[in-house]
Amino acid sequence: MEVLQILHMNKGNGETSYAQNSKVQEKILSIAKPIVDEAVQKLLCSNIAPIGSMGIADLGCSSGPNTFLLISEIIDAIRATRSSSSSFTEFRVFLNDLFSNDFNTIFMSLPAFYNQLKKEKGAGLGSFFVSATPGSFYGRLFPAKSLHFVHSSSSLHWLSQVPHGLDFQAAGKALNKGKIWISKTSPQCVLDAYSFQFHKDFSLFLKSRAEEIIGGGRMVLSLLGRSSSDPSTPERCYQWDLLAHALMTMVSEGLIEEEKVDSFNLPYYAPSEEELKLELEKEGSFIIDRLEAFEIDWDGGAETTVVASGQRVAKTIRAVVESMIESHFEKNIMDDLFRRYAELVADHLSKSRTKFLNLFCSVIRKD
């Protein structure tokens, strides 16, 4: 799977779009708001030499209403620290995602966003210049020392590629047979491959940002993670195990080939807090200011029936992974697949209110 060319959230504003099915990600942003506020305010109150232009980057911005939440949050933080932010007269906001991201929807939404800013925030905040920077954040994106604040939410759990070797067959049997990610039945070599790929990617991410962020600059990251040292802990695998189960029910009915499922693996990894901490310390360019974990309901905490929750979770997952599943299987299986998935999720939630664990990390670039 060529992740850099294929992976994107569902485009547009339709029923299955990311714009209409990203309430969980919105919830994560709302939980992270105090952390973002604190980081921005500390940045503005720091001893960084007065600079007229502040560089801000949102990495993995996707599209839809959540894209502009970060800008609004930063404006609020600036207003709360107004006396200390007078040295900044303009703000350069770079929205980054992979090349196939729906940047057109973002651009079409900008005029309304600018008007809303003027109406809600008032004048006197300086000029905001919003632009897109397509490309992988697992590498350089910006000129050296051009950024003051970097943010990434619900993105770093996606790897640059599916780990090498997962399509290898031992004695004619697929290594991760019947599964699409790590599970309790996965052999140790599958766990090791995913762990290796994450550490390689995250190390490159940190090295790249270390070149781009000025000394004293700030970065806030949030991503799905886990509390256990074991990545195959069931509660952190359920959403993918259930999706694999839905695919296998279609195999049993002859709707898709079993070999197709066996050869499909998601480029995803949910690290532990310790893994993040160790990689940050190993790379050495950043000081950890805060590292915390919060649990979030699969459906974002909506007060609704189990059946409705199952459908909501299915739409959320579909908006995120459909581009990858469609490229490997066929487009015409999507409605059937996610109907089955919704039913499996609803059944699971009727027995256990499983939650996502989200990691929040705020760091400072060393001088």
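Analyst: Buried means under 20% relative accessible area, exposed means over 50%, and partly exposed lies in between, with a 1.4 Å probe and protein chains only. This is a predicted model, in which local features need pLDDT of at least 70 and side-chain atom pairs count only at pLDDT 80 or more, while totals for chains, interfaces and linings use all residues. Residues are numbered from 1 along each chain as its sequence is written, and side-chain values use heavy atoms, with hydrogens and water left out.

User: Is Thr67 buried or exposed?

Analyst: Thr67 counts as buried because its relative accessibility is 1%. Helices (H or I, at least four residues) and strands (E, at least two) are DSSP runs numbered from the N terminus, and Thr67 lies in the loop between β1 and α3 (69-80).

User: Which residues does Thr67 touch?

Analyst: Contact means heavy atoms within 4.5 Å. Leaving aside residues up to four places away in sequence, Thr67 touches Asp58, Cys61, Ser62, Leu95 and Ile106. Thr67 and Leu95 are 28 residues apart in sequence, and their C-alpha atoms are 8.3 Å apart in space.

User: With which side chains does the side chain of Ser53 make polar contacts?

Analyst: A polar contact is a pair of N or O atoms within 3.5 Å; within protein, one must be able to donate a hydrogen and the other to accept it, and residues adjacent in sequence count only if both atoms are side-chain atoms. The side chain of Ser53 makes such a contact with that of Glu90 at 3.3 Å and with that of Arg92 at 2.5 Å. Ser53 is in strand β1 (residues 53-59) and counts as buried because its relative accessibility is 13%.

User: What is the corresponding picture for Ser222?

Analyst: The side chain of Ser222 makes a polar contact of 3.0 Å with the side chain of Ser153. Ser222 is placed in strand β7 (residues 213-225), and at 1% relative accessibility it counts as buried. Beyond residues up to four places away in sequence, Ser222 touches several residues, among them Ile28, Ser154 and Phe360.

User: At what angle do α2 and α3 pack?

Analyst: Axes are lines fitted to C-alpha atoms, for helices over the stretch in contact, and angles run from 0 to 180 degrees between N-to-C directions. Helix α2 (residues 23-44) packs with α3 at about 40 degrees, their axes being 9 Å apart. That makes α2 oblique to α3, since angles under 35 degrees count as roughly parallel, over 145 as roughly antiparallel, 65 to 115 as roughly perpendicular and the rest as oblique. By class, the contact of α2 with α3 has 10 nonpolar, one polar and five charged residues; Ala, Val, Leu, Ile, Met, Phe, Trp, Tyr, Cys and Pro count as nonpolar, Asp, Glu, Lys and Arg as charged, and the others, Gly among them, as polar.

User: How is the pair α5 and α8 arranged?

Analyst: The axes of helix α5 (residues 188-212) and helix α8 (residues 273-283) come within 10 Å and cross at roughly 45 degrees. The two helices are therefore oblique to each other. Residues of their contact divide into six nonpolar, three polar and four charged.

User: Where is Lys145 found, and what is its phi?

Analyst: Lys145 is found in the loop between β3 (127-134) and β4 (147-153). Although Lys145 is not a glycine, its phi is positive, at about 50 degrees. Lys145 is exposed because its relative accessible area is 55%.
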